[in-house]
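Please read it with the structure open beside you.

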Amino acid sequence: MNHRSTAERAEYLSKRRARMLPVLAIVFLSQQATFFSTVASPAPHSAYAVKISAWLVLSIVLLAALSTKGFWLQPKEVRDLIDDENTRANRNEAMRWGFLFSMGAAIAVYALTMFDMTVTARDAVHIVMTIGLATALIRWGVLERRAHRDG
Amino acid sequence: MAERLANRLKDRRTELGLTQAELAERVGVTRKTVNTVENGVFTPSATLAIKLSQALELSVEQLFWIER
């Protein structure tokens with residue numbers, strides 16, 4: 001693979017990532033909507049375990065995509081180029097937003113329990129992680145799309 | 001008063017007949033990064049500013065300045 005094709009490939013993948021990040025966030029959030037709409041009605045233990053595992057696996061994959069260069073199957077030179085200075089800055093900003101929204105969610109859940117609302121530890125972690133990850137994904141997507149826009 | 005880092009990246013790049021992609025390739029970043037620096041959306045690191053000035057055959061001070 002020559003240098004030109006590495007640059008073109010990085011550009012193509014970077015644009016694709018900018019388009020995909022908000023979509024991933026929507027898919028992730030829809031999965032949580034399904035989870036919380038059915039969690040009230042008792043489901044068989046095995047079905048619940050499958051749902052929890054699916055959420056956990058998706059969360060870990062998204063967290064890895066957010067905190068590493070991503071594109072794990074691409075050659076190293078493409079991965080290095082795609083994770084250039086502006087991308088790292090955008091990702092750091094997205095992680096900052098994710099952290100702040102996670103803290104906000106944690107405070108909200110904590111406050112809810114003061115009004116006799118029962119939230120299990122598992123649900124609390126689920127809510128905090130979901131909001132943090134979704135926020136970071138959306139923010140990164142917005143920043144990347146803005147960066148690609150010519151002006 | 002707010003300060004911002006202004007630049008004459010686009011003018012100089014055009015003078016040298018380079019596209020954003022070609023300049024990006026010379027300094028080892030993506031076209032997106034060059035685009036954001038040109039538009040003033042992103043403030044480059046000292047390393048990138050030096051690489052850009054070398055690629056565009058100007059000093060850093062000629063390429064970037066602080067606007068108040």
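1. Start with H3 of chain B. In this predicted model, 8 of the 8 residues of H3(B) are buried, so the helix is largely enclosed by the rest of the structure. Buried means that 20 or more other C-beta atoms lie within 10 Å of the residue's own; exposed means 12 or fewer, partly exposed is in between, and C-beta atoms are placed from the backbone. The buried residues are B:Arg31, B:Lys32, B:Thr33, B:Val34, B:Asn35, B:Thr36, B:Val37 and B:Glu38. Helices here are DSSP runs (H or I, at least four residues), strands are E runs of at least two, and both are numbered from the N terminus. Just after H3(B), B:Gly40 takes a positive phi of about 75°.

2. Some ground rules. Residues are numbered from 1 along each chain as its sequence is written, while chains are lettered from A and ligands numbered from 1 in the order in which they are written. Because the model is predicted, local features need pLDDT of at least 70 and side-chain atom pairs count only at pLDDT 80 or more, whereas totals for chains, interfaces and linings use all residues.

3. In the contact between the chains, 16 residues of chain B meet 16 residues of chain A. Contact means C-beta atoms, placed from the backbone, within 7 Å. On the chain B side, H2 (20-27) and H3 (31-38) each supply at least two residues. Nonpolar covers Ala, Val, Leu, Ile, Met, Phe, Trp, Tyr, Cys and Pro; charged covers Asp, Glu, Lys and Arg; the others, Gly among them, are polar.

4. Now look at H2(B) against H3(B). They pack at an angle of about 105°, with their axes 8 Å apart. Axes are lines fitted to C-alpha atoms, for helices over the stretch in contact, and angles run from 0 to 180 degrees between N-to-C directions. The two helices are therefore roughly perpendicular. That label covers 65 to 115 degrees; under 35 is roughly parallel, over 145 roughly antiparallel, and the rest oblique. B:Gln20, B:Ala21, B:Leu23 and B:Ala24 in H2(B) meet B:Arg31, B:Thr33, B:Val34 and B:Asn35 in H3(B). The residues of this contact are 4 nonpolar, 3 polar and 1 charged.

5. Which residues of H2(B) are buried? B:Leu23, B:Ala24, B:Glu25 and B:Val27. Just after H2(B), B:Gly28 takes a positive phi of about 75°.

6. H2(B) also packs on H4(B), residues 46-55, at an angle of about 115°, with the axes 9 Å apart. B:Leu23, B:Arg26 and B:Val27 in H2(B) meet B:Leu48, B:Lys51, B:Leu52 and B:Ala55 in H4(B). This contact has 5 nonpolar residues, no polar ones and 2 charged.

7. Chain A next. Chain A has 5 helices and 0 strands. Its C-alpha trace spans about 60 × 30 × 20 Å along the principal axes. Of its 151 residues, 24% count as buried. Among contacts in chain A between residues at least 6 apart in sequence, 82% join residues at least 24 apart.

8. Finally, confidence. Chain B averages a pLDDT of 94, and 99% of the residues score at least 70. pLDDT is the predictor's confidence in each residue, from 0 to 100. For the complex, the predictor gives an ipTM of 0.87 and a pTM of 0.86.

Notes. Contact = placed C-beta atoms within 7 Å.
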